[in-house]
Amino acid sequence: MRKYNDKHIPVLPNEVVEYLLWKDNGIYVDCTAGEGGHTFLIAKKCPNSRVIAIDVDLEVLEIAQKNLKAFHNVILLKASYVDLPVVLKSLGIERVSGILADLGISTYQLKAEGRGFSFNRDEPLDMRMDIQQDTSAHKITNFYSEEKLSKIIFKYGEERFARRIAKQIVKNRPINTTKELVEIIKKALPPSEIRKRKRHFATKTFQAIRIEVNKELKNIEQLLKNAEELLEIGGRLAIISFHSLEDRIVKHFIKNSNNLKHIAGPIKPTQEETKNNPRARSAKLRVAERI
Ligand code: SAM
């Protein structure tokens, strides 16, 4: 096990329980189990329901397993929510009562030693949520063309200096560590821009590379299609997103769906919640019902 002394606090816990859990003896899917924070709440609140909790990260699932050992109504599996139809079929389940996805990154991934997600530490460039997959941040920064890198940083990071950053990345190859990448981004940005930014100057580029490594936006589209197909009538879909790119996809999908009705959101955390859990700051929950 990697060195890790933190704990993930589930965001919008009361709101998830209130909107997702409409049926006492249902089947609920937590698509992003992480350390099991939301799964715990669902399993506790609905002891007569079954909870299928999946995650692509084998390491975080080990923590979830420990946190959820008291529950007999939880099935934990290593799988992607992209493959949810296959996962449920293998369990003999056709329809479910609720689907939750808490997008973004878990505290474990950010804080455990050596996962390469954080610009605050010096680690090998990795950023894979699924450590069994091939494509890592190292591959993207060292082998993508300048044009492709620039497009990704612009689109997924909403970084207006994407071209300058991509150029510096290509010029400074090979790049092996997060610290090296941070230095390259620093070199690419005008000093006045670095001073102006409220968040760390590498945030946008790191977000963009992480999204590309884990195919995050493409996966959300598939997740939404899966939810439409797998929810029973009256079933609830609850999605927590952490940036506008994710939220936009969720919002438009629900708006344009003939099978889903928007019932709540965007719900944001209260001031009290963000005080206790700063990670919740940018969270937005949207809830839809299968009609
Ligand atoms: N709700 C969790 C809790 O309270 O402990 C935290 C979830 S964390 C914000 C997001 C999780 O989604 C990460 O553990 C990540 O590995 C997982 N994830 C990302 N993409 C996934 C995918 N395609 N399928 C399943 N899990 C995924």
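These legends describe close-up views of one predicted model. Local features need pLDDT of at least 70, side-chain atom pairs count only at pLDDT 80 or more, and totals for chains, interfaces and linings use all residues. Residues are numbered from 1 along each chain as its sequence is written.

**View 1. An open sheet of 7 strands, with mixed pairing.** The order is E3-E2-E1-E4-E5-E7-E6. Strands are DSSP runs (E, at least two residues), as are helices (H or I, at least four), numbered from the N terminus. Two strands pair if DSSP finds at least two bridges between them. Strand E3 (74–78) and strand E6 (260–267) are at the edges; each has a single partner strand, so one side of each lacks a neighbour in the sheet.

**View 2. Strands E4 and E5 pair in the parallel sense.** E4 covers residues 96–102 and E5 residues 231–241. The pairing spans 6 bridges. Asp-102 has Ile-240 in E5 as its bridge partner.

**View 3. The shell around the ligand.** 24 residues surround the ligand (C-beta atom, placed from the backbone, within 6 Å). The closest are Pro-10, Thr-32, Gly-34, Gly-37 and Asp-102. Helix H2 (37–45) and strand E2 (50–55) are the elements that give two or more residues to this shell.

**View 4. Helices H12 and H13 meet.** Leu-217, Ile-220, Glu-221 and Leu-224 in H12 contact Leu-245, Glu-246, Ile-249, Val-250 and Phe-253 in H13 (C-beta atoms, placed from the backbone, within 7 Å).

Technical notes. Two residues are in contact if their C-beta atoms, placed from the backbone, lie within 7 Å.
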